[in-house]
Amino acid sequence: MPTTTGRRRVAPPIPVKILVAGGFGVGKTTTVGSISEIAPLTTEAEMTTAGIGVDDPGQRSGKTTTTVAMDFGCVTIDRSLKLYLFGTPGQTRFGFMWDDLARGALGALVVVDSARLDDCYPAVDFFERAGLPFVVGVNAFDGRLAHDLGAIRWALAIGEHVPLVQFDARDRLSVRDALLVVLDRALDRATREKRA
Ligand SMILES: Nc1nc2c(ncn2[C@@H]2O[C@H](COP(=O)(O)OP(=O)(O)O)[C@@H](O)[C@H]2O)c(=O)[nH]1
Ligand SMILES: [Mg+2]
């Protein structure tokens, strides 16, 4: 619609809140950092000896810091849609924050390390119970998976309705594709709810 100054008024993009969740050291902070068009807000703290035997990032990891509150980043999908990404802290002892972070979210990407599936159950459980549309994204550390996707689906006992995708947390386009699957799920849910 033309404004009084003759310029077209362009509607701002619709903000959509998406969570990037998952266990400890699976690549959540990396995921948000790869795609964010602003310098991501991170809350990384040095891991200390107090975490030894408690927070295990896996043998292959060079991880020396950990997220203590959340990661935040954003990415414009197109003129009508802007995603606001909230990365959760991974440790289950921070689980109390997930309810708050999930408020207002339309969907979630649950990041999984195929070599440490045990660490992924709490996040999958949380989103199953919360009834929030989610997609399981298996972060292919160095391009390899410890198990194939069928075995991972079986081990995590996720329903057929939950998409399971392989992606690379360090690669912007790969993260974008995984987030588009989340958006697709969220849109699908919104359309079904509107019809009901
Ligand atoms: N080789 C490899 N390392 C990764 C990948 N994704 C994350 N990392 C590393 O794994 C460690 C944990 O990643 P981070 O994003 O901090 O995990 P978070 O705890 O889930 O936020 C960091 O040292 C990352 O640099 C990946 O796809 N390949
Ligand atoms: Mg992190």
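Helices (H or I, at least four residues) and strands (E, at least two) are DSSP runs, numbered from the N terminus. This is a predicted model, in which local features need pLDDT of at least 70 and side-chain atom pairs count only at pLDDT 80 or more, while totals for chains, interfaces and linings use all residues. Residues are numbered from 1 along each chain as its sequence is written, chains are lettered from A and ligands numbered from 1 in the order in which they are written, and side-chain values use heavy atoms, with hydrogens and water left out.

**Whole chain.** Start with a cartoon view of the protein chain, which has 5 helices and 8 strands. Followed from the N terminus, the elements run β-α-β-β-β-β-α-β-α-β-α-β-α. Of the 196 residues, 44% count as buried; buried means under 20% relative accessible area, exposed over 50% and partly exposed in between, with a 1.4 Å probe and protein chains only. Contact means heavy atoms within 4.5 Å. Among contacts between residues at least 6 apart in sequence, 72% join residues at least 24 apart.

**Second largest pocket.** Select Val 16, Leu 106, Ala 186, Leu 187 and Ala 190, the residues nearest the centre of the second largest pocket, which 13 residues line. On a 1 Å grid over the protein atoms alone, a cavity is a set of points where a 1.4 Å probe fits but cannot get out, and a pocket is an open set with protein on both sides within 12 Å along at least five of seven lines; lining residues have an atom within 4 Å of a point. The space in this pocket is about 250 Å³, where grid points are joined across faces, edges and corners and a volume is the space filled by probe spheres set on the points. Strand β1 (14-22) and helix α5 each supply at least two residues of the lining. Helix α5 gives the largest share, 6 residues. By class the lining has 11 nonpolar, no polar and 2 charged residues; Ala, Val, Leu, Ile, Met, Phe, Trp, Tyr, Cys and Pro count as nonpolar, Asp, Glu, Lys and Arg as charged, and the others, Gly among them, as polar.

**Helices α1 and α5.** Thr 31, Ser 34 and Ile 35 of α1 meet Arg 172, Val 175, Arg 176 and Leu 179 of α5. This contact has 3 nonpolar, 2 polar and 2 charged residues.

**Val 181.** Also in α5 is Val 181, partly exposed at 25% relative accessibility. Beyond four places in sequence, Val 181 touches Val 135, Pro 163 and Val 165. Val 181 and Val 135 are 46 residues apart in sequence, with C-alpha atoms 7.1 Å apart.

**Val 138.** Move to strand β7 (residues 134-139), which holds Val 138. Val 138 is buried, at 0% relative accessibility. Its contacts beyond four places in sequence include Val 112, Leu 149, Ile 152 and Phe 167.

**Two positive phi angles.** Most residues other than glycine have a negative phi. Asp 142, in the loop between β7 and α4 (149-156), has a phi near 55° and is exposed at 51%. Finish at Ala 157, in the loop between α4 and β8 (164-167), where phi is about 50° and relative accessibility is 59%, also exposed.
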